Amino acid sequence: MKTNRFLLLAMIPLCAFSIINQGVALSLKAKNTVLDTIIQVQKCHYTSYDKLVMAGYQGWFAAEGDDSNRGWHHYDSKCGFAPGCSTIDMWPDMTEYSKKYVTPFSFADHSKASLYSPYDESSIDLHFKWMKEYGIDGVHMQRFVSEIKQPSGKRHFNKVLENALKASVKYGRAISVMYDLSGCSKNDIAYVEADFKELQDKFKLFDTIQNPTYLRHRGKPLVTIWGVGFNDHRKYSIADVDALVTKLKGSTNKVSVMLGVPYYWRTFGRDTENNPALHALIKKCDIIMPWAVGRYKIDSYDSSIVEKDVKWAKNNGVDYVPLVFPGFSWGNLQKDTKLYNAIPRAKGQFLWKQIAGAKKGGAQSLYIAMFDEIDEGTAIYKVLNQKNVPLNGNNGKKFIGIEDDLPTDYYLWLSGQGAKWFHNEGSYNETIPIRKVN
């Protein structure tokens, strides 16, 4: 029996057209070409952000002795990396890492403390293994424009992305690229277009055979541009980002764009530039993701904001992804001991309150900040308990651990429970789930 080729085309999911955008001809004259294209499409695992719970992934750390040759980059401070001098508030639980780097820090029993490097493939492989094990759908791989414009920074983030792309396929986790514009100039914004094109060529980013887990949304590969509309005197404008979005989408609207904006974007309040051009830009994009970190504590969280944001987004044809975070601490980064545990985790109650608020407010998916952010104490991956952290010198300096009566994987587990809720699996409500002990 002959199959109608037009019927075959109608069966192809929208993500197939990412192949066309890469110049792969879809010819109605050649049956084999059509069938080959369908085979490729069948390997496109994530066609929408809807019902996914994904985390941000920094990947910016380096360790003395790894192949990045960047020293203790992002672990260290301007004064170096030694007791009393670091930028991280939390310490990873290093039990399961196969490659470890001995640090100048020690535990109370005088044994040396070690850290990992995401430059090592095995470390990122472990992180994606955890994502699968705990049910987190994937991550948005951050690229800090202020770093990738430097050769050492580009080499580092390219290697981290290479490791992550491989692990995402191995463990079936969704992955996408996210540009952080913090510290950028107007010229740096224009650089993003060239870098993103380079990634597509270098890694065959949108090839659904090589990278079947790259996240699509509305049928097109997703890229995130974070950091527009803030009223903190940035050296680029909303108009600059608008021009970038126009170029990224091109005449064929070839990508979907998630836009990272201030928390009070809808009302132009508090952290937001009072400029209607922000709303116009949002309407050009596909998803809006407001930055909530540091904007509230457990008693001041207001779920009605999500509900109102969702309503605005629906009325304006934009999808909405709220951000949730487990807590916040940046005493070492800011060199201020009063900022340790600035937003307490409350044994997961704070995170779950936001997850429940997002679900109640009508959100269809989540962004968790962050998978590996130990600089600001928002990490959900395995970090040490308070009783087990290394020493950090004198003058009140210390490291922050998660609550002593919780296992080090608790926030991975709790995030996974949130993912199940958004997948419409199990029975969840505003009461934090209780973990069964085997």
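1. A quick word on terms before the helix pair below: axes here are lines fitted to C-alpha atoms, for helices over the stretch in contact, and angles run from 0 to 180 degrees between N-to-C directions. Keep in mind that this is a predicted model.

2. With that in hand, look at helix α6 (residues 151-171) and helix α7 (residues 186-203): their axes come within 12 Å and cross at roughly 45°. As for its hand, the crossing of α6 and α7 is right-handed.

3. Which residues in α6 meet α7? On the α6 side they are Lys 154, Asn 158, Leu 161, Glu 162 and Leu 165. Facing them from α7 are Tyr 191, Asp 195, Glu 198, Leu 199, Lys 202 and Phe 203. Sorted by class, the contact of α6 with α7 has five nonpolar, five charged and one polar residue.

4. Stepping back to the whole chain, the secondary structure comes to 12 helices and 12 strands. The chain has a radius of gyration of 22 Å, close to the 22 Å that the globule rule gives for 438 residues, so it is as compact as a globular protein of that length.

5. If you want the outline for a figure, the C-alpha atoms fill a box of roughly 75 × 50 × 45 Å, taken along the principal axes.

6. Take the contacts between residues at least 6 apart in sequence, and 73% of them join residues at least 24 apart.

Key:
Residues numbered from 1 in each chain as written. Predicted model: local features only at pLDDT ≥ 70, side-chain atom pairs only at ≥ 80, totals over all residues. Heavy atoms only, no water. Helix = DSSP H or I, 4+ residues; strand = E, 2+ residues; numbered from the N terminus. Left-handed = near helix turned anticlockwise from the far one by under 90°. Contact = heavy atoms within 4.5 Å. Nonpolar A, V, L, I, M, F, W, Y, C, P; charged D, E, K, R; others polar. Rg over C-alpha atoms; globule rule 2.2 N^0.38 Å.
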